[in-house]
Amino acid sequence: MGLKIYLDGKLVPEEEARVSVFDHGLLYGDGVFEGIRSYNGRIFKLDEHLDRLYASAQAIMLDIPLSKEDLTAAVINTVRANQIRDGYIRLVVTRGVGDLGLDPRKALKPSIFIIADKITLYPEEYYINGLEVVTVATRRNLPEAINPCIKSLNYLNNILAKIEANIAGVLEAIMLNAEGFVAECTGDNIFIIRDRALITPPTYLGALEGITRDTVMQLARKMDYPVKEDPFTRYDLYTASECFLTGTAAEVVPVIKIDSREIGDGRPGPITRKLMEAFHQLTQTTGTAVYYSV
Ligand code: PXG
């Protein structure tokens, strides 16, 4: 499609944007990434995404070879070079080229690439009618093994859960942690609503600190809904009055059926719909400007 890709300091045509078969990002999933949206010529929550990227890199002892300032400029330039207004940005930092052993010390220079592309939106019907999801057998990674707060390139845990969702014929899977508490979905955080209060699992149970999750919590507090980060189980899912998922790609999407149980009255709930609208407003009015006149 003729995209220009940022690769290690240069914008190159997509046909030339290649990484080595010896890159440890490919060989071992050794690297970190972010998925970011731009709306109407502005990059949404860019600062927060970059902070999380550096935190993930810090946790795996990966030195990102660019300052936050320079990386910010690289993201903005890539979006601008591709003339994207409403788009999806994938920012990836790999351990770089090493040898066939997994020792990261052999990979001397991390590689950075940025893809800015048009976004494929989820079908409108899911936002209007809500989503059906299932809980799956694959448990979310133990925080003591690979902490789900690290947004690493190693997504096999999530992919195994996604395969279970595919087999069940639904779009998302709810993953529990090893103790049976609800953790998150394969690429989304989860919220339930009970007695007007939003409840989402604390990240220490095994969830990414989602930027959409944080944004929705802030919006809900402003709208005077109580917000709690509390452990909950499948029982709490089934008996919630509302349920929704959050993520950069999905935004805020209502859930109306879980493991064949109808949630609430089986339609997107009123608080979920208010939050969807508030989130939409925020995406249209805030963010880092890419173009000189937005
Ligand atoms: N949990 C996980 C495991 C994620 O990967 C989220 C929650 C939501 O976080 P944000 O910050 O986006 O609100 C994510 C991020 C995809 C896709 O193709 C989705 C994500 C990442 C990469 C790809 O659906 N979601």
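1. A polar side-chain atom of Lys151 lies 3.2 Å from an oxygen atom of the ligand, while the corresponding distances are 2.6 Å for Thr212 and 2.5 Å for Thr248, a polar contact being a pair of N or O atoms within 3.5 Å. Of the 550 Å² that the ligand exposes when taken alone, the protein buries 85% (Shrake-Rupley areas, 1.4 Å probe).

2. The model is a predicted one, in which local features need pLDDT of at least 70 and side-chain atom pairs pLDDT 80 or more, whereas totals for chains, interfaces and linings use all residues. Numbering starts from 1 along each chain as its sequence is written, and side-chain values use heavy atoms, without hydrogens or water.

3. Around the ligand stand 21 residues, of which Tyr155, Glu184, Ile211, Thr212 and Thr248 come nearest (a heavy atom within 4 Å counts as near). Strand E5 (87–94), helix H6 (211–222) and strand E13 (242–247) each supply at least two residues of this shell (DSSP runs, helices of at least four residues and strands of at least two).

4. Because domain 1 (4–117) and domain 2 (124–283) both give residues to the shell, the ligand lies between them, with domain bounds taken from an automatic or database assignment.

Terms used:
Polar contact = N/O pair within 3.5 Å; in protein donor to acceptor, adjacent residues only side chain to side chain.
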